[in-house]
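Student: I have a new structure to look at. Please show me how to read it.

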Amino acid sequence: MTLRELVDSIVEAKGWTPSALADRVNLVVPQRDGRKQVVWLSEFKDDGEAMVRFTTRIGGTGPLDGPRLRAALELNARLSHGCLAVQGDELVMTATRPLRTTTPGTSGDAIEFLARQADLYEDLIY
């Protein structure tokens with residue numbers, strides 16, 4: 001399965017809105033109270049194997065002082081899937097899967113989890 005086929009299958013199953021950029025595809029995932037979370041999918045190679053990475057923004061790193069950074073790392077330790085990371089000047093939540101073994105169903109579930117947790121963590125950390 002290609003990244004495009006995976007995205008098309010997820011969009012068909014979940015009804016989310018996609019938008020393609022040069023190096024990634026964004027999916028807009030609805031959240032509580034009319035909020036939404038953008039999760040982007042990007043493909044890369046690891047030892048020649050195609051991988052797909054799901055990433056969503058939680059907030060900027062500027063406000064991450066000692067207590068907030070500690071809180072973020074404590075939340076990270078309790079995650080059942082994915083992880084918190086710093087990408088550029090943003091705190092993000094991310095998960096990675098081999099493209100050849102992931103399915104639209106499990107990927108859709110992973111994306112939903114990341115979006116829900118990132119939306120919650122934005123409130124808790126910031």
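**Reading the model**

Tutor: Start with the surface. The protein exposes about 7,000 Å², and carbon and sulfur atoms supply 50% of it. Such areas come from the Shrake-Rupley method with a 1.4 Å probe; for residues, only the protein chains shown count as cover. This is a predicted model: local features need pLDDT of at least 70, side-chain atom pairs count only at pLDDT 80 or more, and totals for chains, interfaces and linings use all residues. Residues are numbered from 1 along each chain as its sequence is written, and side-chain values use heavy atoms, with hydrogens and water left out.

Student: How many helices and strands does the protein have?

Tutor: Helices (H or I, at least four residues) and strands (E, at least two) are DSSP runs, numbered from the N terminus. Here there are three helices and six strands. Along the sequence they follow the pattern α-β-β-β-β-α-β-β-α.

Student: Where is glutamine 37, and is glutamine 37 buried or exposed?

Tutor: Buried means under 20% relative accessible area, exposed over 50%, partly exposed in between (1.4 Å probe, protein chains only). Glutamine 37 sits in strand 3, residues 36-46. Its relative accessible area is 5%, so glutamine 37 is buried. Of the 126 residues of the protein, 39% count as buried.

Student: Which residues is glutamine 37 in contact with?

Tutor: Contact means heavy atoms within 4.5 Å. Leaving aside neighbours within four places in sequence, the partners of glutamine 37 include Leu27, Val29, Thr56, Ala115 and Glu122. Across the protein, residues 24 or more positions apart account for 59% of the contacts with a separation of 6 or more.
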